[in-house]
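Student: Can we go through this model together? I'd like to start with the terms and then look at the details.

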Amino acid sequence: MPDLPDELGVAGPFVGVHNDALILAGGANFARPVWDKDKTWHDTIHVLTKVDGGYEWKSGGTLSGPIGYGTAVSTPDGVICIGGNDGVATFKEVFALRWDAATQKVTRVEYPSLPQPCAYGQAVVVGDVIYVAGGQSDSGLESALNNFWALDLSKKPNPAGSDVDSGAFVWQQLPAWPGDSRAFNITVSQHNGYEDCVYVMSGRRQDQDNVEFLTDVWEFTPKAGQWRRRADVPRPALAGTGIGFGQSHIFVLGGDDGSLFFQADEQQDRHPGFPKESLAYHTITDTWTSTGAMPQNHVTTVPVMWDGRIVIASGEVRPRVRTPSVWSVAPVAQKRGFGTVNYCVLFGYLLAMVGVGVYFARKNRNTDDYFRGGMNIPWWAAGCSIFATMLSSLTFTGIPSKAFAQDWVYAVGNFMIPVVAVVGVYVALPFYRRIDATSAYEYLEKRFSRCVRLFGSASFTLFHVFRMAVVMSLTGLALAVATPLTPQQSVLLMGVLSIIYCTMGGIEAVIWTDTIQTFVLLGGGLLALILLISGADGGLDGSLRVALDADKLRFANLHWDVTNAQIALWVVVIGALGQNISSYTADQAVVQRYMTTRDQKLAARSIWTNAVLTIPATLLFFGIGTALFAFYRSHPDKLDPTITTDQIFPLFIANEMPVGIAGLIVAGIFSAAQSTVSTSMNSTATTIVTDFMRPFDACRTEKSYLNAARVITFLMGVVGTLFGLIFVDPEIKSLFDAFLKVIGLFMGVLGGLFVLGVLTRRANAFGALTGAFVGAMVMFSLWTFTNVNGYLYTVSGIVACVLVRVLCEAVRIVTSVD
């Protein structure tokens with residue numbers, strides 16, 4: 001990028017980005033010849049702006065005085081400049097520099113001062129909180145600090161206004177890391193698989209006449225307020241340029257290793273400069289690796305993110321020598337070609353699935369065939385279809401990535417499925433078979449009113465439109481690393497193929513493709529697990545040892561906090577029970593399978609088949625996640641900083657799987673997504689025809705209803721695919737968590753209505769709809785205004801629905817008594 005206007009460059013400047021401009025202020029340097037001159041501090045503000053597709057430096061005025069070696073963070077409110085010194089005094093003042101693009105001026109706004117003077121430390125922002133760690137309180141290294149201060153920007157008064165003076169808006173002293181005091185350290189933030197954390201790395205300290213170069217790394221979790229020791233930096237990185245990148249990597253792009261620290265005066269201009277090797281730390285596997293050489297090693301400057309790239313502006317490249325250079329840095333993804341064989345396998349498999357739809361198209365003579373398969377589906381195929389419907393592609397990518405980043409706590413939720421199967425077999429199934437339901441929501445009219453039936457059916461339809469979109473968009477994002485296809489192209493491929501075979505073949509095509517996909521997914525997953533374990537250091541024993549040492553096999557977190565990133569066991573159990581009760585009693589996509597077998601006994605077998613398959617599948621996919629952790633802990637150099645955590649399994653598939661097998665497994669993931677999408681298309685068409693058209697005699701003949709079903713299936717697929725293209729968002733931290741929230745936001749209402757109908761005979765249509773609306777508002781409020789875990793959304797909606805109905809009944813009784 002364009003060099004700094006100061007041809008000497010500066011060390012220790014305040015650097016940050018505000019209003020899409022790079023601000024660089026203050027700093028210090030030596031005039032040439034550097035070994036004959038004294039250090040000079042500066043007060044100049046430089047601003048790098050975008051002009052006509054390029055960049056241009058502009059003057060931003062001056063600071064209130066010469067200052068350098070403070071630290072800075074970029075916020076929407078400005079570049080917050082913290083501490084610093086001028087060669088005589090060390091400062092504790094804090095202020096914001098704001099760039100106004102309209103006036104082309106920089107303004108200064110005062111912030112609360114630090115608890116004590118500080119220079120040569122570093123700061124970082126996590127959420128709304130600025131954290132400052134390390135530094136020294138005066139000019140001598142013996143004053144190095146063991147400090148950890150926090151300023152909550154959400155408590156700032158006059159957010160659009162001028163200077164700040166408020167008792168609530170002050171720096172807080174937090175417990176510091178258990179290690180040594182230090183200055184010239186690196187302080188960065190990054191996600192550790194659970195939440196965004198603060199990392200304090202390396203640094204320098206002095207104990208009497210002994211100067212120590214530190215390599216220790218400490219991680220602070222803000223919610224828990226706790227520190228833990230992590231893997232040491234391979235070498236000291238004093239005054240280094242460290243920054244978080246992507247979802248789980250930290251780059252150290254510069255830093256003095258201390259090897260020539262005591263020889264600077266002797267070597268002077270013969271000094272080779274600081275080491276140019278860059279390093280990467282992966283927060284989940286707790287591993288370091290080399291990421292190649294930098295053109296220059298800039299120390300004592302603040303790296304920033306600008307337009308998705310890291311910008312390193314000016315800084316010191318060897319003792320006393322600064323540089324005016326400004327570098328824009330980004331990692332390059334190392335993608336292996338997908339290959340002709342893999343393409344053939346992928347498209348051959350997908351076309352075969354379309355062939356299934358073409359085959360069954362001729363068998364659909366009426367809507368009973370189209371929606372219920374003529375009630376002639378084998379029980380084991382119906383069971384595989386329920387399993388595949390509930391599995392989805394997100395299980396194949398989301399669960400392994402969840403276990404890779406965290407542990408096995410969520411596995412307990414899947415183990416609740418066999419428990420809920422009892423409810424499905426002995427409560428829901430007999431009832432639906434007795435009323436010969438095509439739509440699950442026919443029950444709501446028999447129990448409450450047609451209005452409640454239409455509300456339930458409309459809620460289900462809306463849920464599955466969003467479900468299709470979420471599944472396709474998240475799967476497209478996950479597969480972008482395994483194939484040359486963009487997320488949008490993957491969404492279109494999944495959507496178009498699903499529309500073709502589902503519109504033509506109806507529920508039979510859906511069920512038989514589900515069955516094929518079940519075996520492909522489980523077989524592919526088992527093969528992947530074997531390859532992962534064999535590729536990890538120490539094989540099976542080594543993988544287990546690594547997993548146990550990292551606490552990756554934990555099944556329970558015993559606490560009561562519903563917002564904790566480490567989800568509590570009771571939240572998983574209650575949340576999973578609520579979700580699965582809603583799914584197995586009120587979700588048309590599952591209930592529809594109950595009606596595809598010849599009789600109730602065979603339908604019960606299909607439910608038990610799904611419940612039994614859930615156990616080995618859960619062990620398999622969580623096992624894959626743990627094996628991924630062991631594999632990439634053994635081979636951190638094979639991690640790609642450009643991917644998301646949810647792409648970790650597709651990364652392994654693309655780079656480590658044998659040719660042909662990779663294509664088959666990618667095809668399996670595609671088809672698993674198509675399984676969910678096609679199920680949603682057919683089941684929404686079923687509810688619309690059965691709940692909205694038949695009661696109002698919208699068509700005159702059965703053939704017209706069949707044609708309408710095909711048209712609606714097609715339209716639902718198109719709408720779901722379009723929403724899928726809109727929903728593509730690479731910033732999502734966890735596919736699994738996002739999917740849980742989508743399920744929770746809708747299924748709580750439907751589950752609440754069915755629970756009301758079963759638990760009480762007093763509930764009427766008005767009370768049921770009131771409870772449903774309140775339940776919906778409760779879930780929406782939890783999603784919008786709280787950090788409550790998404791696993792609790794469904795059960796919260798059910799409970800709210802029931803409590804409101806009880807309250808309505810109490811009011812009715814009191815009113816009647818009066």
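Tutor: Buried means under 20% relative accessible area, exposed means over 50%, and partly exposed is in between (1.4 Å probe, protein chains only). This is a predicted model, where local features need pLDDT of at least 70, side-chain atom pairs count only at pLDDT 80 or more, and totals for chains, interfaces and linings use all residues. Residues are numbered from 1 along each chain as its sequence is written, and side-chain values use heavy atoms, with hydrogens and water left out.

Student: OK, Q104 then. Buried, exposed or partly exposed?

Tutor: Q104 is partly exposed, because its relative accessible area is 32%. Q104 sits in the loop between β9 (90-100) and β10 (105-111). Its phi is positive, about 60°, although Q104 is not a glycine.

Student: Which residues does the cis peptide bond join?

Tutor: R32 and P33, with omega at about -10°. P33 is in the loop between β3 (28-30) and β4 (39-41).

Student: Back to β21 and β22. What order do the strands of that sheet come in?

Tutor: The order is β19-β20-β21-β22, four strands in an open sheet with antiparallel pairing. Strands (E, at least two residues) and helices (H or I, at least four) are DSSP runs numbered from the N terminus, and two strands pair if DSSP finds at least two bridges between them. The edge strands, β19 (242-245) and β22 (287-293), each pair on one side only. From one strand to the next, the twist averages 25°.

Student: How many bridges join β20 to β21?

Tutor: Four, between β20 (residues 249-252) and β21 (residues 277-282). V252 has L279 in β21 as its bridge partner.

Student: Switching to helices. At what angle do α8 and α15 cross?

Tutor: Roughly 165°, and the axes of α8 (residues 450-479) and α15 (residues 661-693) come within 9 Å. So α8 is roughly antiparallel to α15. Angles under 35 degrees count as roughly parallel, over 145 as roughly antiparallel, 65 to 115 as roughly perpendicular and the rest as oblique. Axes are lines fitted to C-alpha atoms, for helices over the stretch in contact, and angles run from 0 to 180 degrees between N-to-C directions.
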